[in-house]
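Consider the protein chain shown below, together with its sequence.

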Amino acid sequence: MEEPSVLDYLKSKLMPWRGESVVLPPVERDTEETPAPTLEKEIEPADAPFTATEALAEPAAPVIWPWRSLAALALGLAAQLAFEPPERQAFQGVVLYLLALALLVWSVRRGEWQMTALPEAITGHSDPLTVRRLPLLLGGLFAVLALIFFGGEHLFNPLNLTVWLLGLALIVRAFWLPTGTISAFLRRAGA
């Protein structure tokens, strides 16, 4: 007789109306009996003595399902749909955006948005939280100039594309962390 597979057993339990139920064959035991382990053999003394701080250790925090954040996202998307043509409903969109904002604030206050602890390999590296002011100011200036150069036609031409890319490069340079050379970065990136 061929033994049923796990899938056959699962199908017979989930869909009993499709046929007869699969019965698992009995498990064959070894004829040689092994004595049951006793409690003294299972417990081994610890290397270090028990301390009171181990007893007071806090249990892991339960995982909180972020339903408020997800509801805020859904309301925000519904609000955006209210502003879409052909039937724009601005009042409903504003009300939905306000409800989404209220849910978002509620989720932040309830602690749904928590920062995850950094892995141990990264904790040794600290971010100086600095910005290079001159590249940031020049990048902002070039971004505004690119916006003006794009004008009303919204077409790419060599001038506005160059100004836009220059502004973007300067803003990236303003926040770039000095972690090594470009060749080291390209090796890490897999290029």
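Predicted model: local features only at pLDDT ≥ 70, side-chain atom pairs only at ≥ 80, totals over all residues.

Residues are numbered from 1 along each chain as its sequence is written, and side-chain values use heavy atoms, with hydrogens and water left out.

The chain has nine helices and zero strands. Here helices (H or I, at least four residues) and strands (E, at least two) are DSSP runs, numbered from the N terminus. Read from the N terminus, the order of elements is α-α-α-α-α-α-α-α-α. Of the 191 residues in the chain, 13% are buried. Buried means a relative accessible area under 20%, exposed means over 50%, and partly exposed lies in between, for a 1.4 Å probe and protein chains only. Among the contacts in the chain with a separation of 6 or more, 53% join residues 24 or more positions apart; contact means heavy atoms within 4.5 Å.

Two helix pairs deserve attention. Two packed helices are described by the angle between their axes and the distance between the axes. The axes are lines fitted to C-alpha atoms, for helices over the stretch in contact, and the angles run from 0 to 180 degrees between N-to-C directions.

In the pair of helix H4 (residues 67-82) and helix H5 (residues 90-109), the axes are 8 Å apart and the packing angle is about 165°. H4 and H5 are therefore roughly antiparallel; angles over 145 degrees count as such, those under 35 as roughly parallel, those from 65 to 115 as roughly perpendicular, and the rest as oblique. H4 passes H5 in a left-handed crossing, a term used if the near helix is turned anticlockwise from the far one by less than a right angle, whereas clockwise gives a right-handed one. The residues of H4 that meet H5 include Trp67, Arg68, Leu75 and Ala79, and their counterparts in H5 include Leu96, Leu103 and Trp106.

Arg68 lies over the face of Trp106, at 4.6 Å from the ring centre. A charge sits over a ring if NZ of Lys or CZ of Arg is within 6 Å of the ring centre and within 35 degrees of the ring normal. Ser69, also placed in helix H4, counts as buried because its relative accessibility is 14%. Leaving aside neighbours within four places in sequence, Ser69 is in contact with Ser107, Glu112 and Trp113. Leu77 lies in helix H4 as well, but counts as exposed at 52% relative accessibility. The C-alpha atoms of Leu77 and Ala100 are separated by 9.2 Å, and the two residues are 23 residues apart along the chain.

The loop between H4 and H5 contains Pro86. Most peptide bonds are trans. The bond from Pro85 to Pro86, however, is cis, with omega near 10°. Arg88 is also in the loop between H4 and H5, and its relative accessibility of 60% makes it exposed. Apart from its neighbours within four places in sequence, Arg88 is in contact with Ala82 and Phe83.

The second pair consists of helix H7 (residues 133-150) and helix H8 (residues 158-175), whose axes come within 7 Å and cross at roughly 155°. H7 and H8 are therefore roughly antiparallel to each other, and their crossing is left-handed. The contact involves, among others, Leu138, Phe142, Phe149 and Phe150 of H7 and Val163, Trp164, Leu170 and Phe175 of H8.

How many aromatic pairs does the structure hold? There are four. Rings of Phe, Tyr and Trp (its six-membered ring) pair if their centres lie within 6.5 Å; planes under 30 degrees apart count as stacked, over 60 as edge-to-face and the rest as tilted. One of the pairs is that of Phe150 and Phe156, which is edge-to-face, at 5.5 Å centre to centre with 85° between the planes. The rings of Phe156 and Trp164 have centres 6.4 Å apart and planes at 45°, so this pair is tilted. Together, Phe150, Phe156 and Trp164 form one aromatic cluster. Within it, Phe150 is buried at 16% relative accessibility, Trp164 is partly exposed at 38%, and Phe156 is exposed at 60%.
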